[in-house]
Amino acid sequence: MELLSQAEMSETAEKRVGRLIAENLVIIIGRKSCCMCHVMKRLFSIIGVSPTVIELDDADMNDVVGTMLAPTVPDSDAVPPAVFIAGELIGGLESLVAMHLAGNLVPKLREVGALWD
């Protein structure tokens, strides 16, 4: 069990998510018990990457979507789960799978240092 510092405990959901996106190469943001998050985790696992997964409750999710995701992506991708690679928003499950099927996911992961040969 990870212990949080006083500063981490006082962070808003948006600040915490922003900090984690900046600190980790591969991030999945989703609702607790999200089946699409599970599919994303499995895809990364098969490739050989262990993403950081942020599971939020509905209230925190609404704050994060409203302030961090919705202004930067089209409406169809603004609803989590969402994947960030090296701080760049990739999109939802559909965008992630499309990137993988196009042969662009593994090279991107290698480029940012999340996957080694």
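**Reading the core and the sheet**

Analyst: Begin with the largest nonpolar core, which has 19 residues; those touching the most other members are Phe44, Ile47, Val49, Val83, Leu96, Leu105 and Leu109. Bear in mind that this is a predicted model.

User: Which elements each supply at least two residues of this core?

Analyst: They are β1, α3, β3, α5 and α6. Helix α3 gives the largest share of the core, five residues. There is also a second, separate core of twelve residues, with Val17, Leu20, Ile21 and Ile27 among them.

User: How far can the model be trusted, and what is its mean pLDDT?

Analyst: pLDDT is the predictor's confidence in each residue, from 0 to 100. Here the protein averages 83, and 78% of the residues score at least 70. By element, the lowest mean, 57, belongs to helix α1 (residues 6-9), and the highest, 97, to helix α6 (residues 105-112).

User: How many helices and strands are there?

Analyst: The protein has six helices and four strands. Read from the N terminus, the elements follow the pattern α-α-β-α-β-α-β-β-α-α.

User: What is the strand order of the sheet?

Analyst: Strands of a sheet pair through backbone hydrogen bonds, in either a parallel or an antiparallel sense. In this protein, four strands form an open sheet in the order β2-β1-β3-β4, and the pairing is mixed. Strands β2 (52-56) and β4 (88-91) are the edges, each pairing on one side only. On average, neighbouring strands of the sheet are turned by 25 degrees against each other, ignoring direction.

User: Which strand pairs run parallel, and which antiparallel?

Analyst: Strands β1 and β2 run parallel and are joined by five bridges; in that pair, isoleucine 27 stands opposite threonine 52 of β2. Strands β1 and β3 run antiparallel, with four bridges between them, and isoleucine 29 faces alanine 82 of β3. Strands β3 (residues 82-85) and β4 are also antiparallel, over three bridges. There, valine 83 has glycine 91 of β4 as its bridge partner.

User: Is alanine 82 buried or exposed?

Analyst: Burial is judged by relative accessible area, and under 20% counts as buried. Alanine 82, a residue of strand β3, has a relative accessible area of 0%, so it is buried. In β1, five of the six residues are buried, so the strand is mostly covered. Across the 117 residues of the protein, 37% count as buried.

User: Which strands does each helix lie across, taking α3 and α6?

Analyst: To read packing, look at both the contacts and the angle between axes. Helix α3 (residues 35-47) lies across β1 (26-31), β2, β3 and β4, and runs at about 160 degrees to β1. Helix α6 lies across β1, β3 and β4, at about 45 degrees to β3.

User: Which residues of α6 are buried, and why do they line one face?

Analyst: The buried residues are Leu105, Lys108 and Leu109. Viewed down the axis of α6, they fall within an arc of 100 degrees, so they line one face of the helix. Their cover includes β1, α3, β3, β4 and α5 (93-101).

User: What does leucine 109 contact, once neighbours within four places in sequence are left aside?

Analyst: Leucine 109 is in contact with Val26, Phe44, Ile47, Val49, Ile85, Ala114 and Leu115. Leucine 109, Phe44, Ile47 and Val49 are also among the core residues that touch the most other members.

User: What share of contacts joins residues at least 24 apart in sequence?

Analyst: Counting contacts between residues at least 6 apart in sequence, 61% join residues at least 24 apart.

Notes:
Residues are numbered from 1 along each chain as its sequence is written. This is a predicted model: local features need pLDDT of at least 70, side-chain atom pairs count only at pLDDT 80 or more; totals for chains, interfaces and linings use all residues. Side-chain values use heavy atoms; hydrogens and water are left out. Two strands pair if DSSP finds at least two bridges between them. Axes are lines fitted to C-alpha atoms, for helices over the stretch in contact, and angles run from 0 to 180 degrees between N-to-C directions. Contact means heavy atoms within 4.5 Å. Buried means under 20% relative accessible area, exposed over 50%, partly exposed in between (1.4 Å probe, protein chains only). The arc is that of the directions from the helix axis to the C-beta atoms. A nonpolar core is a set of buried Ala, Val, Leu, Ile, Met, Phe, Trp, Tyr and Cys residues joined through side-chain atoms within 4.5 Å.
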